[in-house]
Amino acid sequence: MLRLYNTLTNAKEELKTVEEGVVRLYTCGPTVYDYAHIGNFRTFVFQDLLRRYLRFRGYRVIHVMNITDVDDRIIQNAREQGMSLEEYTAKYTAAFIEDSRTLRIELPELMPRATDHIPEMVALIKKLEANGYAYRRDGSIYFNISRFPGYGRLSKTDFRGIQTGARVDTDKYDKENARDFALWKAAKKGEVFWETEIGPGRPGWHIECSAMSMKYLGETFDIHCGGADLVFPHHENEIAQSEGATGKPFVRLWLHSEFLIVDGEKMSKSLGNQFTLRDILAGGHSPEAIRYLLLSSHYRKQLNFTADGLRQAQASIQRLEDFLQRMSEVAVEEAPRPDFAEAVAGARRDLVEAMDDDLNTSAALAVVYDFIRSTYQRMDQQELGGGDANAAIEFVRDLDGIFAVLPPEAELVDDEILRKIEERSEARKRRDFAESDRIRDWLLAKGIRLEDTREGTRWKRVRSRT
Ligand code: AMP
Ligand code: ZN
């Protein structure tokens, strides 16, 4: 039974989906005014883990992530650089997708852009006006938080008695400054605006997520995620806007990932302590090590990001790769022995139990390292058969379907294999044995074992890809 920690109830809850077997997931996407930093990617890598695990557990996942391509900073930066909004945001949207691919983050099924959904936002604001939750001031439209009794439920804040009628126009603010927030901002001179039924202007940040999530996932959907800084005001406001418009519960489970920190402080652009993915790769670290470090501690704990942590992550990946290599050397495609099959099934159960407990990745990894240790022991005692090694590889590969930190197994076609064998025999002729071993190991990692015989080099597929 998969249980996830719901910020709304402060408890781990069983996932019960609106539609059997399908998870509808919304995650707040990047504001494309600059490169995303590695703190942002902690959140996005966590969300990738969630979707991979949901699929591992047999769900079909429909995942929507918005691209915030209009906000105060974007407007300002685009203007400073003499660019249109589209030109400016296209660059950072492309960079975000490229960085996500580098980190093996699967792209969501849908990535709608805010600027393509102005009519949906306008329709939602009109509904809020009709339902008595919104009012106009100087061409802008605000949400009246005193009209929505549930305001504060997500962030566990009691807003009774706060000054009513005070307004805030910026999209980001803290609880102390809780005010009626802008749904629609009146057009300002020199700023981009849309001519609409509710007047000329542009949307506030919060309304885009309500409009796009409900458009693609329905008025009530299963899971909504974001970093911990989005609980207030962004998600609190999303609930108020969505439920104020529909009268139905908006989201079943709210999941929030904790911050990535550097020297005890949240990584953020405003603190000037941020690194982009590109900075860290330039420092010689691998995308896999970054991903491993981001995933190896629990998502609800703060994560201190250090070079030392990255080195340890790389060493852990190496342990997994060494294990696969050792197993490949002896694996044959046949059934494992019954006792080993039972050991694998037990490890798999423990892995699922750990992940089912609110995605406890560190416990899941511990299960795998225990399994590796005991498998090596069997090997040392000459009790590991070829079919057992094959089953062991499959187990580690399954884990990697969730974690995605190992080099992917690419199915090589025969021609490629023959070309590599040719390259290797040429290396051997030059007495470049380091290169020849490298080619042999590379093939082995891809499931192709070479055998040098008097008649020449033969090859064999150790196991087929599932
Ligand atoms: P933004 O592009 O600022 O809207 O942020 C994108 C995502 O990154 C949001 O879900 C934020 O909550 C998250 N985020 C921002 N800073 C951090 C951090 N230091 N650690 C983890 N997540 C963060
Ligand atoms: Zn959002």
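This is a predicted model: local features need pLDDT of at least 70, side-chain atom pairs count only at pLDDT 80 or more; totals for chains, interfaces and linings use all residues.
Local features need pLDDT of at least 70, side-chain atom pairs count only at pLDDT 80 or more, and totals for chains, interfaces and linings use all residues. Residues are numbered from 1 along each chain as its sequence is written, chains are lettered from A and ligands numbered from 1 in the order in which they are written, and side-chain values use heavy atoms, with hydrogens and water left out.

Ligand 1 has 18 residues around it. A residue counts as near if one of its heavy atoms lies within 4 Å. Gly39, Thr43, Asp229, Leu260 and Met267 come nearest. By class, the shell holds 6 nonpolar, 8 polar and 4 charged residues. Here Ala, Val, Leu, Ile, Met, Phe, Trp, Tyr, Cys and Pro count as nonpolar, Asp, Glu, Lys and Arg as charged, and the others, Gly among them, as polar. Helix 1 (38-56) and strand 11 (221-227) each supply at least two residues of this shell. Helix 1 gives the most, with 4 residues. Helices (H or I, at least four residues) and strands (E, at least two) are DSSP runs, numbered from the N terminus.

A polar side-chain atom of Thr43 lies 2.7 Å from a nitrogen atom of the ligand. A backbone N or O atom of Leu260 lies 2.8 Å from a ligand nitrogen atom. For Gly227, a backbone N or O atom lies 3.1 Å from an oxygen atom of ligand 1.

Cys28 and His234 link distant parts of the chain, 206 residues apart. Cys28 is in the loop between strand 3 (22-27) and helix 1, and His234 is in helix 6 (residues 231-246).

Helix 6 also contains Pro233. A cis peptide bond joins Phe232 and Pro233, with omega about 0°. Elsewhere, Gln382 is found in the loop between helix 11 (361-380) and helix 12 (386-403). Its phi is near 55°, a positive value in a residue other than glycine.

Definitions and conventions:
A polar contact is a pair of N or O atoms within 3.5 Å; within protein, one must be able to donate a hydrogen and the other to accept it, and residues adjacent in sequence count only if both atoms are side-chain atoms.
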